[in-house]
Amino acid sequence: MWSTPGVLPLWMKKFWPNPCSTFCTSEINSMSARVLLFLVIPGHLIFFVIIYMVEGHSVPNSKTFVVFYLLAGLIQVTILLYLAEVMARLMWHQALDPDNHCIPYLTGLGDLLGTGLLALCFLISWLLRSKAELDGISEPVSGPF
């Protein structure tokens, strides 16, 4: 917004910014990143409840799975927001429009990360449940929470 394509503003000269500058400063991009991070948990909880209501008892509903699911969502969005910052700087430096060139990469990476992290959630939940069954401990089955 403040510079011509191919020329980064002075305060954005580093291609690999410190992750703290992406999330913890008073800049507009940092504040937007924090808002998006704060929306992850409520958004995923709403999504999980809708899936549970539609699919019923075929959805894993243990508290352990929900915690890992929410953690996976936070990890995914944190990585994507940081990479969006880095890629926007790199694309702008190459005089390319970040809106047109970053979005395909970020959506593909988001799909890959989301699928991998969700599979990891299922695996960890299954391993913890198997260990609990071996130890004779079982978590009561209830609704989505």
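Good morning. In this protein chain, confidence is lowest in helix 1 (residues 19-23), with a mean of 75, and highest in helix 3, at 91. The score in question is pLDDT, the predictor's confidence in each residue, on a scale from 0 to 100. The average pLDDT of the protein chain is 82, and 81% of the residues score at least 70.

This is a predicted model, in which local features need pLDDT of at least 70 and side-chain atom pairs count only at pLDDT 80 or more, while totals for chains, interfaces and linings use all residues. Residues are numbered from 1 along each chain as its sequence is written, and side-chain values use heavy atoms, with hydrogens and water left out.

Let me begin with the overall architecture. The protein chain has five helices and zero strands, and from the N terminus on its elements run α-α-α-α-α. Helices (H or I, at least four residues) and strands (E, at least two) are DSSP runs, numbered from the N terminus. Of the 145 residues in the protein chain, 30% are buried. Here buried means under 20% relative accessible area, exposed means over 50%, and partly exposed lies in between (1.4 Å probe, protein chains only). The accessible surface of the protein chain is about 9600 Å², and 73% of that surface belongs to carbon and sulfur atoms. These areas come from the Shrake-Rupley method with a 1.4 Å probe; for residues, only the protein chains shown count as cover.

How does the chain meet itself? Among contacts between residues at least 6 apart in sequence, 70% join residues at least 24 apart. A contact means heavy atoms within 4.5 Å.

I turn now to the aromatic residues. How many aromatic pairs does a search of the whole structure find? The search finds four. Rings of Phe, Tyr and Trp (its six-membered ring) pair if their centres lie within 6.5 Å; planes under 30 degrees apart count as stacked, over 60 as edge-to-face and the rest as tilted. The ring centres of Phe 48 and Phe 65 are 6.3 Å apart and the planes stand at 40°, so this pair is tilted. Phe 48 belongs to helix 3 (residues 40-55) and Phe 65 to helix 4 (residues 63-93), so the pair ties together parts that are 17 residues apart in sequence. Phe 48 is buried at 4% relative accessibility, and Phe 65 is buried at 3%.

Phe 65 also pairs with Phe 122: the centres are 4.9 Å apart and the planes are at 40°, so this pair is tilted. Here the link is between distant parts of the chain, with Phe 65 in helix 4 and Phe 122 in helix 5 (residues 98-135), 57 residues apart. Phe 122 is partly exposed, at 40% relative accessibility. Together, Phe 48, Phe 65, Tyr 69 and Phe 122 form one aromatic cluster.

Ser 125 is found in helix 5. Is Ser 125 buried or exposed? Ser 125 is buried, with a relative accessible area of 7%. Leaving aside residues up to four places away in sequence, Ser 125 touches Ser 62 and Phe 65.

Next, the nonpolar cores. A nonpolar core is a set of buried Ala, Val, Leu, Ile, Met, Phe, Trp, Tyr and Cys residues joined through side-chain atoms within 4.5 Å. The largest nonpolar core has 10 residues, among them Phe 48, Phe 65, Tyr 69, Leu 117 and Cys 121. Helix 3, helix 4 and helix 5 are the elements that give two or more residues to this core, and helix 4 provides its largest share, five residues. Leu 117 touches Ala 72, Ile 75 and Gln 76, not counting residues up to four places away in sequence.

Met 91 lies in helix 4 and is buried at 15% relative accessibility. Beyond its neighbours within four places in sequence, Met 91 is in contact with Leu 96, Pro 98, His 101, Cys 102 and Tyr 105. The C-alpha atoms of Met 91 and His 101 are 7.3 Å apart, and the two residues are 10 residues apart in sequence.

Finally, the database record. In an unreviewed entry, UniProt lists residues 35-54, 66-83 and 103-128 as "transmembrane region". UniProt positions are given in the numbering used here, feature names are shortened, and annotations may be inferred rather than shown by experiment. In the model, residues 35-54 are 95% helix and 0% strand, with end C-alpha atoms 29 Å apart. Residues 66-83 are 100% helix and 0% strand, and their end C-alpha atoms lie 26 Å apart. Thank you.
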